[in-house]
Amino acid sequence: MTNRMESIESMQQLAVAWRAMVLDRDADADVRDLPGIAVRWADSRFAFWNAITLTDVSADEELLRQRLTQAADIMRTKKRPGFLWLFEDLLEEGARSALEEAAKQAGLQYAFPGTGMAGDMLPIPDPVHPDLTFVRVTTDEQLQAYADINSRAYGFPLEDGRDGLVGSALWKNEVHAYLAMRGDLPVACAATVAADGRLFVALVATEPEWQRNGYGEAVTRKALYEGFRATGLTRATLHATVAGAPVYPRIGFRPNSPIHFFGLQS
């Protein structure tokens with residue numbers, strides 16, 4: 001698979017996986033597929049469930065400006081803030097050069113970077129870490145712990161993460177969500193879910209005070225291992241933060257497109 005094809009795959013995996021995630025939060029969520037724009041917006045307090053991505057391939061500068069304006073207009077109609085996920089490799093060179101200024105003109109401000117990743121690494125061995133045991137999330141108490149780890153890791157209020165996850169039947173049944181436990185203390189979490197013939201890795205996080213101990217990598221391996229056992233899928237995809245980007249290649253992921261996250265200008 002060429003790097004451009006993997007970048008397209010990365011965008012499409014977001015559109016597929018996030019459709020299920022936001023409909024799980026709100027059966028009436030906005031999951032429209034418009035020309036060049038996929039809306040995946042639950043209007044949740046959990047900002048990751050409020051997403052838009054651009055779906056054109058080889059967009060030039062003029063088309064990019066049009067899509068950014070359309071996306072910002074949609075975001076302004078929502079009650080809760082969220083992010084535009086923009087996959088850089090889907091833009092033509094001129095559009096890439098114009099991105100920063102075009103986003104500003106559309107009323108968007110840069111939030112943070114990410115990287116699309118994918119790999120055909122499964123199956124992998126059942127992971128072992130000397131500090132950890134692993135527990136699958138099957139109860140609301142465990143799901144709240146999963147949400148709270150994400151909130152603290154990403155700097156969200158606890159109630160925002162809980163609004164995104166607690167009470168979800170999807171996350172307790174169809175998603176292979178795991179907590180890494182240090183004794184009785186949950187310290188990291190990761191999940192995989194089947195999405196269009198791949199295992200999609202979602203919401204990997206480690207408690208800030210327990211980072212840099214290999215816990216995030218270990219629990220991601222566990223979610224991949226169990227996801228493969230349940231589905232037989234051998235290819236996995238994810239969208240990495242800056243903190244996670246050095247970790248995932250050790251598991252077998254290869255980076256593809258840089259991702260730019262934008263919010264509305266304050």
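Q: Where is D196 found?
A: In this predicted model, D196 lies in the loop between strand 8 and strand 9.

Q: Why is D196 called exposed?
A: The relative accessible area of D196 is 51%. Exposed means over 50%, so D196 counts as exposed.

Q: What makes the phi of D196 worth a remark?
A: D196 has a positive phi of about 50° and is not a glycine. Most residues other than glycine have a negative phi.

Q: Which value of phi does R212 have, and where is R212 found?
A: Phi of R212 is near 70°, again a positive value in a residue other than glycine. R212 sits in the loop between strand 9 and helix 7 (215–231).

Q: How do you know that R212 is exposed?
A: R212 has a relative accessible area of 81%. The cut-off for exposed is over 50%, so R212 is exposed.

Q: Why is N150 called buried?
A: N150, a residue of helix 4 (140–154), has a relative accessible area of 0%. Buried means under 20%, so N150 is buried.

Q: What does N150 touch, not counting residues up to four places away in sequence?
A: N150 touches C189, L203, V204 and A205. L203 in turn is in contact with residues including N150, F46, W49 and W171, leaving aside its neighbours within four places in sequence.

Q: Which residues have the most contacts inside the largest nonpolar core?
A: They are W18, W49, W85, Y146, W171 and L203, in a core of 43 residues. Among the elements that give two or more residues to this core are helix 1 (3–25), helix 4 and strand 9 (198–206). Helix 1 gives the largest share, 7 residues. A second, separate core has 27 residues, including I124, F134, L199 and A236.

Q: Which residues make the contact of helix 4 with helix 5?
A: Helix 4 contributes L143, Q144, Y146, A147, D148, S151 and R152, and helix 5 contributes L158, G161, R162 and L165. By class, 5 are nonpolar, 3 polar and 3 charged.

Q: What kind of peptide bond joins L122 and P123?
A: The bond is cis, with omega about 5°. Most peptide bonds are trans. P123 is in the loop between strand 5 (108–119) and strand 6 (133–136).

Note on methods:
Residues are numbered from 1 along each chain as its sequence is written. This is a predicted model: local features need pLDDT of at least 70, side-chain atom pairs count only at pLDDT 80 or more; totals for chains, interfaces and linings use all residues. Side-chain values use heavy atoms; hydrogens and water are left out. A nonpolar core is a set of buried Ala, Val, Leu, Ile, Met, Phe, Trp, Tyr and Cys residues joined through side-chain atoms within 4.5 Å. Buried means under 20% relative accessible area, exposed over 50%, partly exposed in between (1.4 Å probe, protein chains only). Helices (H or I, at least four residues) and strands (E, at least two) are DSSP runs, numbered from the N terminus. Contact means heavy atoms within 4.5 Å. Ala, Val, Leu, Ile, Met, Phe, Trp, Tyr, Cys and Pro count as nonpolar, Asp, Glu, Lys and Arg as charged, and the others, Gly among them, as polar.
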